Amino acid sequence: MEGNNFTREEVLSFMKEKEKLEEEIKCLSEVLKSQGVGMEDSLVDQEGYPRGDIDVYQVRHARHDIRTKSNDLKACMAKIETGLHNLHAQAREGAGIEGIQKLAVEEKLEPFARVLVVTAGSPADEACIKSGDLISRLGSVNASNFTSLKSIAEVVEHSQNRPLSVTVIRDGVTLHLKLTPKPWAGQGLLGFKLRPVSIDADR
(Lines give C-alpha, C1' and ligand atoms only; values in the text may rest on other atoms or scores of the structure.)
Protein backbone atom coordinates (compact mmCIF):
# COMPACT_ATOMS: atom_id res chain seq x y z
CA MET A 1 0.00 0.00 0.00
CA GLU A 2 1.60 3.22 -1.19
CA GLY A 3 0.05 5.21 1.61
CA ASN A 4 2.05 3.20 4.14
CA ASN A 5 5.45 3.47 2.45
CA PHE A 6 8.30 3.95 4.93
CA THR A 7 11.40 6.00 4.22
CA ARG A 8 14.88 4.81 5.13
CA GLU A 9 15.02 7.51 7.82
CA GLU A 10 11.79 6.26 9.38
CA VAL A 11 13.01 2.67 9.55
CA LEU A 12 16.33 3.84 10.98
CA SER A 13 14.46 5.78 13.67
CA PHE A 14 12.50 2.62 14.53
CA MET A 15 15.81 0.75 14.93
CA LYS A 16 17.15 3.45 17.22
CA GLU A 17 13.94 3.28 19.26
CA LYS A 18 14.31 -0.52 19.51
CA GLU A 19 17.89 -0.24 20.79
CA LYS A 20 16.86 2.41 23.30
CA LEU A 21 13.98 0.28 24.63
CA GLU A 22 16.21 -2.79 24.87
CA GLU A 23 18.77 -0.87 26.91
CA GLU A 24 16.08 0.62 29.18
CA ILE A 25 14.62 -2.84 29.81
CA LYS A 26 18.10 -4.14 30.58
CA CYS A 27 18.67 -1.35 33.12
CA LEU A 28 15.29 -2.02 34.75
CA SER A 29 16.10 -5.74 34.94
CA GLU A 30 19.33 -4.84 36.72
CA VAL A 31 17.24 -2.95 39.29
CA LEU A 32 15.28 -6.14 40.02
CA LYS A 33 18.52 -8.13 40.11
CA SER A 34 19.99 -5.71 42.64
CA GLN A 35 16.94 -6.33 44.84
CA GLY A 36 17.25 -10.10 44.45
CA VAL A 37 13.81 -10.56 42.85
CA GLY A 38 12.40 -11.34 39.43
CA MET A 39 9.18 -10.43 37.69
CA GLU A 40 7.04 -12.92 39.61
CA ASP A 41 8.54 -13.14 43.12
CA SER A 42 6.16 -12.26 45.94
CA LEU A 43 6.54 -8.82 47.47
CA VAL A 44 4.87 -9.77 50.76
CA ASP A 45 6.10 -11.98 53.57
CA GLN A 46 4.37 -15.07 55.00
CA GLU A 47 2.18 -12.87 57.18
CA GLY A 48 1.02 -10.79 54.24
CA TYR A 49 3.05 -7.68 55.02
CA PRO A 50 5.32 -5.92 52.50
CA ARG A 51 8.75 -7.50 52.56
CA GLY A 52 11.28 -5.56 54.59
CA ASP A 53 14.34 -6.85 52.76
CA ILE A 54 13.56 -5.10 49.48
CA ASP A 55 12.40 -1.71 48.23
CA VAL A 56 8.86 -2.76 47.34
CA TYR A 57 7.99 0.53 45.63
CA GLN A 58 11.12 0.41 43.47
CA VAL A 59 10.46 -3.20 42.48
CA ARG A 60 6.82 -2.54 41.59
CA HIS A 61 7.80 0.51 39.57
CA ALA A 62 10.52 -1.42 37.71
CA ARG A 63 8.18 -4.33 36.97
CA HIS A 64 5.51 -2.00 35.63
CA ASP A 65 8.01 -0.19 33.41
CA ILE A 66 9.45 -3.50 32.12
CA ARG A 67 5.99 -4.72 31.11
CA THR A 68 5.14 -1.40 29.45
CA LYS A 69 8.43 -1.10 27.59
CA SER A 70 8.30 -4.78 26.55
CA ASN A 71 4.96 -4.10 24.87
CA ASP A 72 6.44 -0.99 23.24
CA LEU A 73 9.39 -3.10 22.05
CA LYS A 74 7.10 -5.68 20.42
CA ALA A 75 5.24 -2.91 18.61
CA CYS A 76 8.51 -1.32 17.52
CA MET A 77 9.90 -4.61 16.17
CA ALA A 78 6.69 -5.10 14.19
CA LYS A 79 7.15 -1.65 12.64
CA ILE A 80 10.77 -2.48 11.76
CA GLU A 81 9.74 -5.75 10.10
CA THR A 82 6.99 -3.99 8.13
CA GLY A 83 9.33 -1.16 7.21
CA LEU A 84 12.10 -3.46 5.93
CA HIS A 85 9.65 -5.45 3.84
CA ASN A 86 8.32 -2.16 2.52
CA LEU A 87 11.76 -0.85 1.61
CA HIS A 88 12.60 -4.08 -0.21
CA ALA A 89 9.32 -3.81 -2.10
CA GLN A 90 10.16 -0.23 -3.05
CA ALA A 91 13.58 -1.39 -4.25
CA ARG A 92 12.01 -4.09 -6.43
CA GLU A 93 9.71 -1.45 -7.90
CA GLY A 94 12.69 0.69 -8.89
CA ALA A 95 12.99 2.99 -5.88
CA GLY A 96 16.58 1.79 -5.42
CA ILE A 97 18.25 -0.32 -2.78
CA GLU A 98 20.73 2.33 -1.56
CA GLY A 99 18.54 3.22 1.41
CA ILE A 100 18.43 -0.40 2.56
CA GLN A 101 22.19 -0.81 2.26
CA LYS A 102 22.79 2.40 4.21
CA LEU A 103 20.75 1.06 7.13
CA ALA A 104 23.46 -1.46 7.84
CA VAL A 105 26.31 1.07 7.90
CA GLU A 106 24.65 4.31 9.04
CA GLU A 107 25.50 3.86 12.72
CA LYS A 108 28.77 1.93 12.39
CA LEU A 109 30.84 4.84 13.68
CA GLU A 110 34.45 4.40 14.72
CA PRO A 111 35.03 4.65 18.49
CA PHE A 112 37.25 7.46 19.74
CA ALA A 113 37.25 6.91 23.53
CA ARG A 114 36.97 4.07 26.02
CA VAL A 115 35.15 4.35 29.36
CA LEU A 116 37.55 3.41 32.15
CA VAL A 117 35.41 4.03 35.26
CA VAL A 118 31.77 4.94 35.92
CA THR A 119 30.93 6.26 39.39
CA ALA A 120 27.74 4.92 40.98
CA GLY A 121 24.97 7.51 41.16
CA SER A 122 26.57 9.75 38.55
CA PRO A 123 24.87 11.08 35.39
CA ALA A 124 26.85 8.52 33.37
CA ASP A 125 25.62 5.73 35.66
CA GLU A 126 22.02 6.96 35.28
CA ALA A 127 22.48 6.83 31.50
CA CYS A 128 23.50 3.13 31.80
CA ILE A 129 27.02 3.79 30.53
CA LYS A 130 29.33 0.97 31.62
CA SER A 131 33.05 0.61 32.19
CA GLY A 132 34.61 -0.76 29.02
CA ASP A 133 32.12 0.90 26.66
CA LEU A 134 33.63 2.34 23.49
CA ILE A 135 32.18 5.76 22.65
CA SER A 136 31.65 6.47 18.96
CA ARG A 137 29.51 9.59 19.38
CA LEU A 138 28.91 12.02 22.24
CA GLY A 139 26.72 14.92 21.22
CA SER A 140 28.42 16.47 18.19
CA VAL A 141 31.74 14.72 18.86
CA ASN A 142 32.73 11.70 16.78
CA ALA A 143 35.94 10.11 15.53
CA SER A 144 36.20 12.52 12.62
CA ASN A 145 36.32 15.67 14.77
CA PHE A 146 37.69 14.33 18.08
CA THR A 147 41.11 15.78 18.87
CA SER A 148 41.43 15.35 22.63
CA LEU A 149 39.32 14.93 25.76
CA LYS A 150 38.96 18.71 25.66
CA SER A 151 36.61 18.21 22.71
CA ILE A 152 34.21 16.36 25.02
CA ALA A 153 34.65 18.85 27.85
CA GLU A 154 33.61 21.72 25.58
CA VAL A 155 30.44 19.92 24.45
CA VAL A 156 29.57 18.96 28.03
CA GLU A 157 30.00 22.51 29.32
CA HIS A 158 27.60 23.84 26.70
CA SER A 159 25.06 21.06 27.32
CA GLN A 160 24.63 21.23 31.10
CA ASN A 161 21.16 19.96 32.12
CA ARG A 162 20.36 19.08 28.50
CA PRO A 163 20.35 15.47 27.23
CA LEU A 164 23.14 14.48 24.87
CA SER A 165 22.84 11.61 22.42
CA VAL A 166 25.59 9.07 23.11
CA THR A 167 26.43 6.09 20.90
CA VAL A 168 28.50 3.36 22.53
CA ILE A 169 29.75 -0.03 21.40
CA ARG A 170 29.41 -2.71 24.08
CA ASP A 171 30.49 -6.28 23.38
CA GLY A 172 30.22 -5.56 19.66
CA VAL A 173 26.68 -4.16 19.95
CA THR A 174 25.91 -0.51 19.17
CA LEU A 175 23.71 1.17 21.80
CA HIS A 176 22.09 4.60 21.70
CA LEU A 177 21.84 6.30 25.10
CA LYS A 178 20.89 9.67 26.53
CA LEU A 179 23.35 11.38 28.91
CA THR A 180 22.46 14.61 30.72
CA PRO A 181 25.51 16.48 32.06
CA LYS A 182 24.62 17.99 35.44
CA PRO A 183 26.04 18.72 38.89
CA TRP A 184 25.90 15.74 41.23
CA ALA A 185 27.52 14.59 44.47
CA GLY A 186 30.86 13.89 42.79
CA GLN A 187 33.26 15.88 40.62
CA GLY A 188 32.44 17.19 37.17
CA LEU A 189 29.17 16.87 35.28
CA LEU A 190 29.39 13.28 34.01
CA GLY A 191 30.93 10.92 36.57
CA PHE A 192 33.08 8.80 34.31
CA LYS A 193 36.71 8.64 33.21
CA LEU A 194 37.69 8.24 29.56
CA ARG A 195 40.82 7.76 27.56
CA PRO A 196 41.29 8.07 23.81
CA VAL A 197 41.25 4.70 22.09
CA SER A 198 44.34 3.01 20.77
CA ILE A 199 43.84 1.78 17.24
CA ASP A 200 45.65 -1.47 17.96
CA ALA A 201 44.19 -2.17 21.39
CA ASP A 202 40.60 -0.98 21.12
CA ARG A 203 39.38 -0.97 17.54
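Start by selecting α1 (8-35), α2 (56-95), α4 (123-126) and β5 (173-179): each supplies at least two residues of the lining of the second largest pocket. Helices here are DSSP runs of H or I with at least four residues, strands are runs of E with at least two, and both are numbered from the N terminus. This is a predicted model, where local features need pLDDT of at least 70, side-chain atom pairs count only at pLDDT 80 or more, and totals for chains, interfaces and linings use all residues. Residues are numbered from 1 along each chain as its sequence is written, and side-chain values use heavy atoms, with hydrogens and water left out.

For the centre, pick Glu24, Cys27, Glu126, Ala127 and Cys128, the closest of the 18 lining residues. A pocket is an open set of points on a 1 Å grid over the protein atoms alone, where a 1.4 Å probe fits, with protein on both sides within 12 Å along at least five of seven lines; lining residues have an atom within 4 Å of a point. Colour by class and you get six nonpolar, two polar and ten charged residues.

Next, jump to Gly188, Leu190, Gly191, Phe192 and Lys193, which sit closest to the centre of the largest pocket among its 15 lining residues. That pocket holds about 380 Å³ of space.

Definitions and conventions:
Grid points are joined across faces, edges and corners, and a volume is the space filled by probe spheres set on the points. Ala, Val, Leu, Ile, Met, Phe, Trp, Tyr, Cys and Pro count as nonpolar, Asp, Glu, Lys and Arg as charged, and the others, Gly among them, as polar.
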